[in-house]
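Here are my notes on the model you sent. They are in numbered points, so that each can be checked against the structure.

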Amino acid sequence: MNARARAEFEILKDASRCIDCGVCEKQCANGVYKKAADGRLLIADEKCVNCQRCVEMCPAGALKVIRNRNTPQSDGNWHLRAVREIYRQAETGGVLLSSMGNPCDMPAYFDRIAVNASQVTNPPIDPLREPMETRVYLGAQNRQITRGRDGKIQPEGKALRLEVPVMFSAMSYGSISYNAHAALARAARELGTYYNTGEGGLHRDFYEYGENTIVQVASGRFGVHKDYLNAGAAIEIKMGQGAKPGIGGHLPGEKTVGDISVTRMIPPGSDAISPAPHHDIYSIEDLRQLVDSLKEATRYQKPIFVKVAAVHNIAAIAGGIARSGADVIVLDGWRGGTGAAPTRIRDNVGIPVELALASVDSRLRAEGIRDRVCLVAGGSIRNSADMVKAIALGADAVYIGTAALIAMGCHVCRSCHSGRCNWGIATQQPELVARLNVDEAVKRLVNLVTAWKHEMEEMMGGMGINAIEALRGNRLMLRGLGLNSRELDILGIMHAGE
Amino acid sequence: MEIYAKGMGYLQLNEAVRACTDNRISIRGCNGQRFIACASSGRQIDVHGVAGNGAGAYMESGVLNVYGNAQDALADTMNGGEVYVFGSCGDAAAYAMRGGEVFVRGDAGYRAGVHMKEYGEHVPALVIGGRAGCFLGEYLAGGIIAVLNLQNSAQALGEEAARGMHGGRIYVRGGINVPLPDCVTARTADKEDMCVLAGYLKKFCAAFGGDAKKLAAEEFTLITPANKASKRLYAGN
C-alpha cells in the first residue's frame, strides 16, 4: 500500500516564500525533508508527526502542516483512527505502542464541575490585598501531639514543604533528556516545590538539587542505592502508573546508552525491564515491609510516597496503603502521560482521577484514617482550575507531567517512544537534546506555576477562602454539570442549581 | 559489642546497632527482628538466632553473618559486601541485588535472585548450598546464581526457573530436570565457566566447610540467556 497516500499529515510548502535555506531538512529528525540530487526538496509526508519544529523554525514562514485532506474512508463507527490502527497492525503484526496520555474523546469530569464564588453574604477576598496561604506540607501528619521538655511540639517526622501545591511528576532520565531533567530540577528549586526522578536513577549532576527531589523506587530498582535513597527529600514507591496500570516498563537496549546506562547502573545496550509486579510485594503487609525497609535505610528522615494507578477498587487499595505506613498516596488517573505504553492499555485501562480521588478521600474519611496520609492527584491536570477542583475533591497537592513538558516546549506530537523528539525533550540524541535551552525552560516552568498560583489565589479568594487547608476536601465549593446522580454521589457533590 | 536482642522490637534493635560505634557487633538471641544491617556499610554484624525479613537490604559494604536462618527478602537491593547465612533463607532473597555476595548454606525459598543485575565491577553473586524454590532467577539481568544442591536432592531447582532471564548466569550442580523457558539455553559448564565460579566456591567452603576444589571438579549445568535476535513486539502508533 502507498504510505504517502495514507499519511496522517500533509505538508504545505509555499514556493513563493521558500528561500531554499535548508533549515527544514536540518531541523527534522524524522527525515521528512530531503534535498534531491537535482536540488528539488522532496517531502515525505508519511514521516511527519506534526511536531511543528520545521514550521516554527522556517525563517520565511513557508511551511504549514495540516491534517491530510485525503483520508481513507471512515464513518461514525469506523473512525479514522480505528482504520489506521488496523492498517498498522496488519502491516507489522505488532502491539501498538503510543506516547503521552489517553487522547480519546471520553468524559473529563473536571470539565463538568463548576466552582463556587461568594456573593453578598460572605465577602470574597482580594488576593492582591490580603494574604493567601498556598503552602502545603506532605508527610508526617503529627497524628499524636507530643511536647518536648521545652514545651514545643515535637514533629513526628520530616514533611515536605511545598510553596505551591504542584509538583513535577515522575519522568525518568532515559524517557526524557538530561536538559529536561536539569530544567525540572532547577525550576522545582526556584518554585519551592519538588520534581521526581522516575525510575531511572539520579544523574550525579543533579544530587545538588536533592532538597527538591523525590527519588523513585520501582520494581526494577534501577539506580537504587543508599546514596540515591538519601539524596532526595522523599522516596516514592511506584506500584503503578495511570497510563499503563498493570504494565511494567521497558527501556529498550538501544536507549540505554552513555549516561543513561551509568545512571541506571546497567551495562550499555542492555534492556532495562521493570516488571509489572514487584516480585516481593503480594500484599499490604509486603508493601509495609518495603516502606519500612526504605525508612530504615534513610533513618526515618524521608516521607514515603506510594504511587498507584487509579483502578476499579482504588478506595480499598488506598485504605490498605494508608495502613502500610506510607505517608503520601499518589493517585494517577487514566489520562496520565507516558513515554511509551501499549495503546490499548493506555486508552482502556484505569479510571478517571476525579472519581478515584473523590472515592478515596471519602473512604479514608469514613474509616477515620484520612489524616494519616496525604493525597496527591495526577493524570492530566491541565490548568489551575483542574488543580483547584482536585484539591476541593480531596487532594493535598497535584502532580503535573505533560503540562510541564508543554511549558518546556513539547508540542504534543505523541511520538516520545520514537526517541526522535525534535524539541530535545523525549530524546537522548545529543544534537537534539542540545536544542532544549535549559535557562529558557526553567523560566517557562516557573512562569507556568507562578501563573497557576495567582489563578488559584483568585479562585480561592472568590470563594472567600484564604488558605488551602480550607479548600482541601471542601466539596461544597463544587457543583456538577450534566452529571447523573450516581456520578454526583461518587464525586460527593451536588448538581448545579442545588 | 554485643547486643541482647531478646524482647526488643526491630526499631529498638536497629537503633541500638546504628548508635553503636564498634565495627563489629554481635546480636544474640535474635528472634526475627527485621531489617538488620539495612543499608549498613563497613562493619561486621553477627546475628545469632533468626534474622527477620529484609536482613542486609540495601547493604553497602561489610559483612553480615547469620548463625541461623534468615527470613524473607534477604539482601533486597543489596549493593555490596558479604552475607553468610548458616541456615536457610526464606522467599525473595537477593531481589534486584546489584552488587556483593550472598552465601546460603542451606536452601533458598521461592523467587530467589529475581531481577539481579550487574554493572561494571558490580557483579552480584548468590550461592545457595542446598536447593532453590520455584521462580529462581526470574527476570535475571546480570550477576551469578549458583545452586550447589549439596544434599543431592532429586530436584535442585523448583519450577519456572529463569523465566524472563535476559542476562547473567545460573550454575546448577549436576543436571536440571525441570523445564526451562525458551529465553535461555542450558549446557554443561566448561573450564572457563568454572573459573568464574571457583572463587565463589572457595569462599563458600571457607565459610561453611567442604572441599572447594573437589566441588569445582564436579559437573555443573550453566544457564545463560539464549540471545535470540529480539523479536519486535511493538509497532509505533
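1. Helices here are DSSP runs of H or I with at least four residues, strands are runs of E with at least two, and both are numbered from the N terminus. On that basis chain B holds three helices and twelve strands. Please keep in mind that this is a predicted model.

2. Overall form of chain B. A compact globule of 237 residues would have a radius of gyration near 18 Å, and chain B agrees because its own value is 18 Å. The C-alpha trace of chain B spans about 55 × 55 × 30 Å along its principal axes.

3. Packing of chain B. Buried residues make up 52% of the 237 in chain B. Among contacts in chain B with a separation of 6 or more, 37% are between residues 24 or more positions apart.

4. The contact between the chains. Chain B contributes 34 residues and chain A contributes 32. On the side of chain B that touches chain A, strand β12 (residues 234-236) gives the most, with three residues. That side of chain B consists of 16 nonpolar, ten polar and eight charged residues.

5. Strand pairing across the contact. Strand β5 (residues 95-98) of chain A and β12(B) run parallel and are joined by three bridges. Which residue of β12(B) is the bridge partner of A:V95? The partner is B:Y234. For A:L96, the bridge partner in β12(B) is B:A235.

6. Three strands in the order β17(A)-β5(A)-β12(B) form an open sheet with mixed pairing. β17 (341-342) of chain A and β12 of chain B are at the edges with a single partner strand each, so one side of each has no neighbour in the sheet. As background, strands of a sheet pair through backbone hydrogen bonds, and they do so either parallel or antiparallel.

7. Helix α4 of chain A. This helix covers residues 178-191, which is 14 residues. From first C-alpha to last, α4 of chain A reaches 20 Å, close to the 20 Å expected at 1.5 Å a residue. After α4(A) comes A:G192, which has a positive phi, near 70 degrees.

8. Why can α4(A) be called largely enclosed by the rest of the structure? Twelve of its 14 residues are buried, and a residue counts as buried when 20 or more other C-beta atoms lie within 10 Å of its own. The buried residues of α4(A) include A:Y178, A:N179, A:H181, A:R186 and A:L191. Also among them are A:L184 and several alanines, including A:A180 and A:A188.

Methods:
Residues are numbered from 1 along each chain as its sequence is written. Chains are lettered from A and ligands numbered from 1 in the order in which they are written. This is a predicted model: local features need pLDDT of at least 70, side-chain atom pairs count only at pLDDT 80 or more; totals for chains, interfaces and linings use all residues. The expected span of a helix is 1.5 Å times one less than its number of residues. Two residues are in contact if their C-beta atoms, placed from the backbone, lie within 7 Å. Ala, Val, Leu, Ile, Met, Phe, Trp, Tyr, Cys and Pro count as nonpolar, Asp, Glu, Lys and Arg as charged, and the others, Gly among them, as polar. Two strands pair if DSSP finds at least two bridges between them. The radius of gyration is taken over C-alpha atoms; the globule rule is 2.2 Å times the number of residues to the power 0.38.
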